[in-house]
Amino acid sequence: MCLGIPGQIVEITDVTKKLAMVDVSGVKRQVNIACIVNKEHSVASCVGDWVLVHVGFAMSRIDAEEAKKTLDLLIELGEAQAEIMAMQTSAMQ
Amino acid sequence: MKYVDEFRDPEKARMLVAEINTITEQLGITQQRPLQLMEFCGGHTHTIFRYGIEQMLPKAIELIHGPGCPVCVLPMGRVDDCVTLAERPNVIFTTFGDAMRVPGSKKSLLQAKADGADIRMVYSPLDALNLARKHQEKEVIFFALGFETTMPSTALTVLQAEQDNINNFSLFCNHITTVPTIKAILDSPDMKIDGFLAPGHVSMVVGARPFDFVAETYEKPIVVTGFEPLDILQSIWMLLKQLSEKRHDVENQYARIVPENGNEPAMDALTKVFELREFFEWRGLGSIDHSGVKMRDAYAAYDAEQKFTVPNLKIADPKSCQCGEVLKGVIRPWECKVFGTQCNPETPMGALMVSTEGACAAYYNFGNLNELLQKKEAVNA
């Protein structure tokens, strides 16, 4: 919940609601990007950006190399697997 | 130094440890009156144990594992409130997985689910909102917990619900705040913390400035810290450096993620939806002024506490639990009478044994359990 997980924005899915598809270690998940959109960064310009995702919200931009290092660490800590599992099994029905 | 080879940059880790040793000696700190540094955040506690950072440090430095694990500090009465809400007819109660096993006075959410309540684990509050969209005949309640790191996510979800006119969605708000809690720790007469590692992802939201009072009013050094083992070693070194130069400043070791002024859209959303409570009850620490938030009146329609009746009873922790003393650093986890015996990760009695971020679970999982149990017997003999 507190560590978050890095992912790359691959597609904007809803411009008004500021929703985007993020690829987290091969798993795709829709996230809200309201917190990383500002005057310098329009919604559309976010595609390709690496972000730190917390509970379905992109909270911070990170550089690609940093993202990889962080992901490796989270895998080592066992956190990444738990986070990705939670993303995949989240109750949506 | 058995774990140092696992570090991303072992050479840098060794250098930092050597520097930390040198400064500790220069400062004349001894094991009799150790230097007590607190890592506030449960994420830091987890990294510290996973990488055996305590064992690398001089014995004269003691790390005090703070109350920054939201699941751990949730009072039993609030868990009971969750169970009551979840057992209402026509309710789908949604929660992060971490909260499922926290013991209430009668049962945990996991037991309530086994007894037939419709409780679902979600990854994000957005998933709870989607459930509300799909099940308009049901009331969907999301158990909102966590510090400022997760507050923007629940606030933005409520704003989305409002925009989409979704009226069967509400939050059971149990968010807690960092700054008033650090202040309470500093004001506590039985605590003598010499410096703080400030939580990295809380700071990502609120920025580094809210911690100014620690340096200015309380004259203690504080360093905003990342979650890699090297981040933690570097921050401990930065704290020692401040102490040796007789400084007390707010420094930002985690600048790659933490902007000085925080995240503006996130702060806007959370201040729009939430306001400070007069006080909030913590497991182990008791009541702390302004340490929680509630939903503003404008969002009462999305507030489960106003929409439904919750018992809101104050339930005392089991007498044998010493979570409070552990949280304040008055005793070490293994000194608690029930540590590792009646209280263990399978059947936790105290909250600190529930989450992997809790100090007791960390000692249990990563410490040398037999050695700790022997030490515990010696202390309690």
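A helix crossing is called left-handed if the near helix is turned anticlockwise from the far one by less than a right angle, and right-handed if clockwise. This is a predicted model, in which local features need pLDDT of at least 70 and side-chain atom pairs count only at pLDDT 80 or more, while totals for chains, interfaces and linings use all residues. Residues are numbered from 1 along each chain as its sequence is written, and chains are lettered from A in the order in which they are written.

In chain B, the axes of helix α2 (residues 42-50) and helix α15 (residues 359-366) come within 10 Å and cross at roughly 15 degrees, which makes α2(B) roughly parallel to α15(B), a description that applies to angles under 35 degrees. The crossing of these two helices, α2(B) and α15(B), is right-handed. Thr45(B), His46(B), Phe49(B) and Arg50(B) of α2(B) make the contact with Ala359(B), Ala362(B) and Phe366(B) of α15(B), where contact requires C-beta atoms, placed from the backbone, to lie within 7 Å.

In chain A, strand β1 (residues 5-14) pairs with β4(A) in the antiparallel sense over four bridges, and Gly7(A) stands opposite Val51(A) in β4(A); pairing requires that DSSP finds at least two bridges between two strands. β1(A) also pairs in the antiparallel sense with strand β2 (residues 19-24) of chain A, over five bridges, and Asp14(A) stands opposite Leu19(A) in β2(A). Four residues lie between β1(A) and β2(A) in the hairpin that they form, and Lys18(A) in the turn has a positive phi of about 55 degrees.

Between the chains, 27 residues of chain A are in contact with 36 residues of chain B.

Methods: Axes fitted to C-alpha atoms, helices over the stretch in contact; angles between N-to-C directions. Parallel < 35°, antiparallel > 145°, perpendicular 65-115°, else oblique. Contact = placed C-beta atoms within 7 Å.
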